[in-house]
Amino acid sequence: MQIYVRPTISHHIAARIMLQRQPSLDDRITWATRTPNETNKTVRRQGSVEGTGSKLKHQPDEIQLVRKLKVNMINLLGALNAVETNDVDTLRLILSKNCVSINGFLDSGLYNQFRIRLTLLDVALMLNRPHVATLLLQHGATENISLSQPSRRRKVVDEALYDNESRLNALREKQQLSKDEEKKLKTFELHTTSLKKMKNVLEQEEFPGPPTDVKVSVASSSRVIVEFNPQLNPRAVIVKHKIEWSLSPNFETIAGSLVVRDMRETSANVDNLDHGQCYSFRICSGSMWGYGEFVAASPKIIRISSWEDVEGCENNREKHMKEIAELHCQVERHRQSAVWQKIFPNCSEIGIKKKKMGLRNLFSASSKFVKHAQRGIFLTTVIYTEDKVLCTVDDLLPTLLVDENTSNISADDMNWLLKLSLCWDQVAYLQDTVGGTWSNNSQLRVKILDAVASMHNALGVKDIGRIHHVPLCHSSGTVFLVSVHFVSENQAVQGLAMRWMRISKLMRKKSSSPSFDFLSKEIVNVLNFFESAQIPLERGLYLGYMRLQSGLNTIKVTVPDNLPSVLPFVSVRPNPHVSREEWEWLRIVEKDSSTRPNSAQYTFHMQMSRALNTLLHDLELDNDLIQSHRLYRFQVLQLHSDVSFILVLPKAEEVCLVNAGLSTTVDESVEHCKGCTSIPIPVFDMINLSTYQPDFIATYCRLSIFLEHFTMLINYEKRQCLLEDDRRVYAEQLDRLTDFQQRLDEVWRNARWISNIASIARDKQSDCGISLSRILMPPMTSPLNDDCADVGYHSDQSSEKFITFDAISTASVELNSKDPSPNASIRKILNRSQSVVDNDLNIENIDRLFLDDNLSISSNIENGSVAATKTVNHAPSPLSFLDAGSNLNSSQTIKSGILRVFPAYDCGLSNSSSIRLQATSMTTSHEVVSLVLNQIAKITSKSIDYDIPRLDDYCLVSVVGARERRLRENFPPLMLQSPWNKGKLFVRRKDCISAAIQCGNEAAV
């Protein structure tokens, strides 16, 4: 049986991330000192075999540069010809090769006559080639800043036209022309025609309309993100967007502006805003003739705030970084002091003498590799690429003996080794100063240092990778300490005694040692854990679930199987920042659920509710336990500037479950958390900080290793010295190192956020949580009107799979009586509560979407018949229940109305078929779409084989004439404003943009 190991998606993601990261810690020291010629050289060990044939293939840089310029020039001329002839397909083919300087200046033919050089985009715009210009913009073309003013563009064209006509007239005045002059005459005639066309195009000014779905949100304490969608069919080609902001909603004075010239971007960051200040934003689109009209962003007024502004909240991430940086500088200054250099002259980098590596050293180091692993502790290094691993000539992983007398390694020694794996360059210093200072209990560390140094010499590399957090133990008493290091293809670390082998072949190959066969089988799990720990989360705000398990020897934390660097999580939204008003709303809901939220708070509440539902559903937690869970309210956990977490905690008694059994059965307590496992908290701290704060953890490990080692060394020297003056000097140095160690421990204690939060969460007297029942319930009142246009419209958002139908009370299906299809007589009524809608309910205007708020419906169900009555006290108003003066509170009944929704997709029914829903002011568009899809699927399944479509592919839109507005998923349709409340509601596919407009404007013949 053959075993094949194929790279997974996670493997490719991790490989790309590791290739993009900075060099390892030991390489960072010398990286800045490399010369430019040395930077591009591949890394090879001394004495490695390197073929000379590959050098002959490399051409000098000058020849490669000339060839590149020639190829680029040929492709640029081809692209120019495609632009002039309006050949979109040819241009797309040329641009797909990524070998054209798309914003390069043209300097051939006609375009030599322009005083200001043109680009491909300039030619496409001035020759009125909208499709070509759009294609160029999609591939990164930007507006020529030198021609951003329409007057300057006209002037340049007029000058070129005047110069070209002068030359043309001079040739025409000649009696006889040579062949060259005849060619020039034809060329000037073609140029004149093109220039006249450019002039005519520039005289016909057209300005694009404003972008749609413009939203602004706070991204940090001094930055906002403006998101927008350009018009799909603008009157003119859009080449830029302009964002303005002001302290006044009327924009009496402009505080600043920003021009977005990359048309591939649909958002922009506005930085350097005053914290605590209120701003208004607006945006407009621009063509080559100038800017169109502005449109205000929603909300109209936004305050630059942060959750840290709330009393009792504090963000310590930046504080920890600053403290450890200061401590590192003080320790380095102390190491460079005269007293320290006098005591430890060999500890500076200058004092370390580098050993020469010759062939004898090379072979002697490689000969130490173990071929038969028996009882004991061994060090194994896994250096691999995409699909290959570095092995010895015996087809084994490079393995060295550490200690043959023991097969146990303590948790303290394992944590020390994890820290050492982030600063392998310290091994030589530790070895040179070790002497006889190590106690008998620390002899294993001495042997580990010797094995690491031997591995460095054998492989010829200083960085042998990260240590796997768990030793691999075989039944024979063999323990493997595995280090893993990923290298790129062009990094050659192969020596005379090493060779590359495919991972699949290594797994299939049998050796004479059962321990090595066991190691080969476990290598895939080790690589999977190593790679998954390297993958950070995308930018956004997340909900995380924290639960600990306590065993006999350690405390473990629950983490996802495929992402051990974070807690079990679910995404809330792409914006990681939480504003003050959003964070305050969580506290307000806990105290008073009748408070009316603003639009930002309402959106945040609905996002949190959906995310909580998804998280609890994915973890498959018991419904009886959900009510006792809490939301941690003291802090928004910022792992990184782009990744933030809000934590979900169980009740105090279940934050840390105690397992009385052996440590091997601790994972039984997390069986109910689907797709999760558990790892020790120290290991989680190292992995989490290595992924999201690598500089912090690297600095901490270097300081911790240094202080621990030299504290022990000075204690030993102090006990051995005989002179009082020497004893006094050692005592002073020991006091200074002790002070450094205490400060480092304090920084580390504060940086270990999971331990700190667990301590607070386990305290029964601590009021640190907000009941999830408050968040899972929607706000009892509708959001305050922000006086913003089109607050209910939004473009495609991330899909939210979990929905609730509590707000929807009734749904009925209505088919046109004239429909000749077999389903014409079907009338399906779905009863979800005691209130139902009469199928004969008479609506005066069939195109009206909403009924009056005074419409009262009472139903009696007897023998399967349904009856309804209505009372109308005054002339119906489409949105009379949404008057600005009406105040809704918890004591009032939630207003309801009738929605009539038409399908605008191929569902097996006629276009005149519709679904009638009784909805409330809390019913969202997402719920309406789900109910419509389910009802149509139930109807059509009786006559044809029809499955329920994917909810994520459909949306709810309102159509008025030839205009359409798409409603965002959490927007209640009953909250629509004029004129959209007078249109028709359609459910259409997201990728069929014009389907609803076509159905809404069809007429029966």
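**Helix packing and a buried strand residue**

The model is predicted; local features need pLDDT of at least 70, side-chain atom pairs count only at pLDDT 80 or more, and totals for chains, interfaces and linings use all residues. Residues are numbered from 1 along each chain as its sequence is written, and side-chain values use heavy atoms, without hydrogens or water.

Helix α23 spans residues 694-720 and helix α24 residues 724-751. Their axes lie 9 Å apart, at an angle of about 150 degrees (axes are lines fitted to C-alpha atoms over the stretch in contact; angles run from 0 to 180 degrees between N-to-C directions). The contact of α23 with α24 has 17 nonpolar, 5 polar and 4 charged residues (Ala, Val, Leu, Ile, Met, Phe, Trp, Tyr, Cys and Pro count as nonpolar, Asp, Glu, Lys and Arg as charged, the others, Gly among them, as polar).

The protein has 28 helices and 35 strands (DSSP runs, numbered from the N terminus: helices H or I of at least four residues, strands E of at least two). Of its 1005 residues, 49% are buried (under 20% relative accessible area; exposed is over 50%, partly exposed in between; 1.4 Å probe, protein chains only).

V648 lies in strand β23, residues 643-649. Its relative accessibility is 0%, so V648 counts as buried. Beyond four places in sequence, contacts of V648 include L543, Y545, L612, H629 and L772 (heavy atoms within 4.5 Å). The C-alpha atoms of V648 and L616 are 9.9 Å apart.
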